[in-house]
Each structure stands twice: as C-alpha cells, then as structure tokens.
Amino acid sequence: MRLTLLFFISLLFFGAADGFAQDTTEVVQDSVGLQKRDNKYGLRVGLDLAKPLRTALEDGYTGFEITADFRVSKRFYAALELGTEEKERNEENLNSIARGSYFKIGADFNAYDNWPGLNNSIFAGLRYGFATFEQDLVSYGIYTTDQSLQEFELRENPQTFEGLNASWVELIVGVKTELFNNLFLSLNVQLKSRVSETKPENFDNLYIPGFNRTYDESNFGVGYGYTISYLIPIFKR
C-alpha cells in the first residue's frame with residue numbers, strides 16, 4: 001500500500017515538474033521570439049520641435065531642422081541632421097542678422113538595455129557639424145568722448161558678409177521613448193566645440209547656424225533638441 005502511494009505521488013510530482021518545464025520553455029521561447037520581433041532595423045525620420053517653438057515665441061529667430069538615424073547594429077545608429085536658421089541680435093549698440101544652413105553627421109550609442117517589447121533608449125553620440133551662412137551688420141555703435149553725444153554714436157551702414165562657414169564637433173546625450181508603435185519622442189542636450197570658421201573683415205561671427213551663439217575667448221557652445229520622429233521599419237534581425 002505504501003509503495004503504491006509513493007508511486008502515485010512520484011507520478012504526480014514528475015508530471016507537474018515536466019509540465020512546469022514545458023511552460024518555462026514556452027515562456028523563454030516566447031520571450032526570445034518577442035525580442036527577435038522587436039529588433040527592428042530601419043530609417044527613423046523626425047522634426048526638432050524646439051526650433052518651430054522658438055520661431056513662434058522668440059522675436060528675431062527663425063529655424064527648422066529635420067533629423068534622421070539608421071540602426072546599424074543592436075546598439076549603434078548612424079545619425080544625420082539638416083537645418084536652417086536665422087537669428088537677429090539687437091542690442092543697444094549693435095544690430096546684426098545671421099542666416100544660413102547646416103548639417104551634422106555622426107553616430108549614437110544606446111546604453112539602455114530594453115525589456116522585451118520596448119524600444120526606448122538612453123543614448124550618447126558624437127557629431128561633426130558644418131555651416132554655410134552670411135551675416136548682415138545693420139548698425140553699430142562707435143565709442144565717443146564727446147559729452148554732447150551719447151557714449152556710443154550709432155551708425156547705420158548696412159553691410160552683408162557672404163560666403164562664411166564654420167565647423168565644429170559636438171557631444172550629444174539624451175533619452176528617447178516610444179510613445180506609440182514606431183513613434184518616438186526625444187530630448188537631448190549638446191556640448192559643442194568650434195574647429196574652424198571664416199570671420200568677416202573687421203567683424204565677428206556672433207551667431208553660427210547649427211552651432212548657436214558664440215562667446216568671446218571661448219570656442220565652446222551649447223544646444224538642445226526636442227524631437228518627434230517616426231521609424232520606417234525595413235527589416236528585423
């Protein structure tokens with residue numbers, strides 16, 4: 001009787017263990033299959049929303065930028081940005097306008113290990129940027145010691161400096177989240193360092209499209225982006 005009872009208990013135990021093993025195998029297979037299905041490779045194109053917002057809210061500024069990236073491996077993406085900007089600098093003793101176009105090319109690395117079914121990223125990347133632009137010097141102040149005049153005598157002698165260019169490298173870090181299927185929202189910040197520039201005669205580059213504002217005695221600049229993009233899947237791996 002005891003042997004018979006032990007026999008039935010062993011059948012139940014090993015049967016349950018076998019069923020659990022099969023269920024576990026199916027879950028693992030489903031998870032692996034889900035991971036494989038989620039490894040989408042394709043072209044992601046988007047728009048930097050920060051520039052249209054600045055255009056609407058900031059006087060003297062107009063800008064537009066499109067972005068694109070392509071997944072080349074599990075964690076690496078090739079990236080490209082194309083844009084145009086026009087920025088007026090209107091101060092008490094200076095009025096100038098910079099306008100032009102630019103591109104930035106580089107790569108991003110996704111440091112975030114997604115759970116199955118997710119396509120979010122925490123990324124860092126490098127860019128090489130190049131801009132072609134022109135500057136209008138509308139008016140400027142000349143310092144004077146004549147007490148009958150203001151400290152700066154304003155002169156209006158419009159000049160246009162064409163054929164200017166500048167290049168820089170930048171470090172970009174940001175986060176990207178998938179709002180809906182293939183639709184992404186991203187926020188990033190950029191630290192830039194000028195590599196080269198052509199300067200107008202007897203003037204300076206006060207604003208470089210794509211690089212942003214310049215500062216005396218410093219080659220560094222900063223920027224940010226707020227991008228919405230859509231992934232066009234091409235294949236899965």
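Mentor: Start with the second largest pocket, which holds about 270 Å³ of space. A pocket is an open set of points on a 1 Å grid over the protein atoms alone, with protein on both sides within 12 Å along at least five of seven lines; a cavity is a set where a 1.4 Å probe fits but cannot get out, and lining residues have an atom within 4 Å of a point. Points are joined across faces, edges and corners, and a volume is the space filled by probe spheres set on them. The model is predicted, so local features need pLDDT of at least 70 and side-chain atom pairs count only at pLDDT 80 or more, while totals for chains, interfaces and linings use all residues. Residues are numbered from 1 along each chain as its sequence is written, and side-chain values use heavy atoms, leaving out hydrogens and water.

Trainee: Which residues are closest to the centre of the second largest pocket?

Mentor: R54, Y207, N212, V222 and G223 are the closest, out of 19 residues in the lining. Two or more lining residues come from each of α2 (50-57), β2, β4 (94-110), β7 (183-197), β9 (212-213) and β10 (220-236). These labels are DSSP runs numbered from the N terminus: helices (H or I, at least four residues) and strands (E, at least two).

Trainee: How do the residues of this lining divide into nonpolar, polar and charged?

Mentor: The lining of the second largest pocket has 7 nonpolar, 4 polar and 8 charged residues. Here Ala, Val, Leu, Ile, Met, Phe, Trp, Tyr, Cys and Pro count as nonpolar, Asp, Glu, Lys and Arg as charged, and the others, Gly among them, as polar.

Trainee: How much space lies in the largest pocket?

Mentor: About 440 Å³. The largest pocket has 27 lining residues, and N39, R71, N114, L118 and N119 lie nearest its centre. Its lining takes two or more residues from each of α1 (2-38), β1 (40-48), β2 (61-71) and β6 (152-180). The largest share, 3 residues, is from β1. By class, this lining has 7 nonpolar, 10 polar and 10 charged residues.

Trainee: How many cavities of 30 Å³ or more are there?

Mentor: A probe the size of a water molecule, rolled over the atoms, shows where empty space is left. In this model the count is 2 cavities of 30 Å³ or more. The largest cavity has a volume of about 230 Å³ and is lined by 20 residues, with T67, E81, R127, N188 and T227 nearest its centre. Strand β2 gives the most to this lining, 4 residues. The classes are 4 nonpolar, 7 polar and 9 charged. The second largest cavity has about 50 Å³, and R44, D69, Y77, D108, S121, F123 and K176 line it.

Trainee: E81 and R127 carry charges. How far apart are their closest N and O atoms?

Mentor: They are 3.2 Å apart, and the pair forms a salt bridge. The rule asks for a side-chain nitrogen of Lys or Arg within 4 Å of a carboxyl oxygen of Asp or Glu. R127 in strand β5 and E81 in strand β3 are 46 residues apart in the chain. R127 is buried, at 5% relative accessible area, and E81 is buried at 7%.

Trainee: What other salt bridges can I look up?

Mentor: The whole structure has 16. One of them joins E58 and K87, with the closest N and O atoms 2.5 Å apart. E58 is in the loop between α2 and β2, and K87 is in strand β3, 29 residues away. E58 is partly exposed at 25%, whereas K87 is buried at 18%. Another joins R99 and E134, at 2.8 Å. Shared partners also link E81, K104, D108, R127, E170 and K192 into one network.

Note on methods
Buried < 20%, exposed > 50% of the residue type's maximum accessible area, 1.4 Å probe, protein only.
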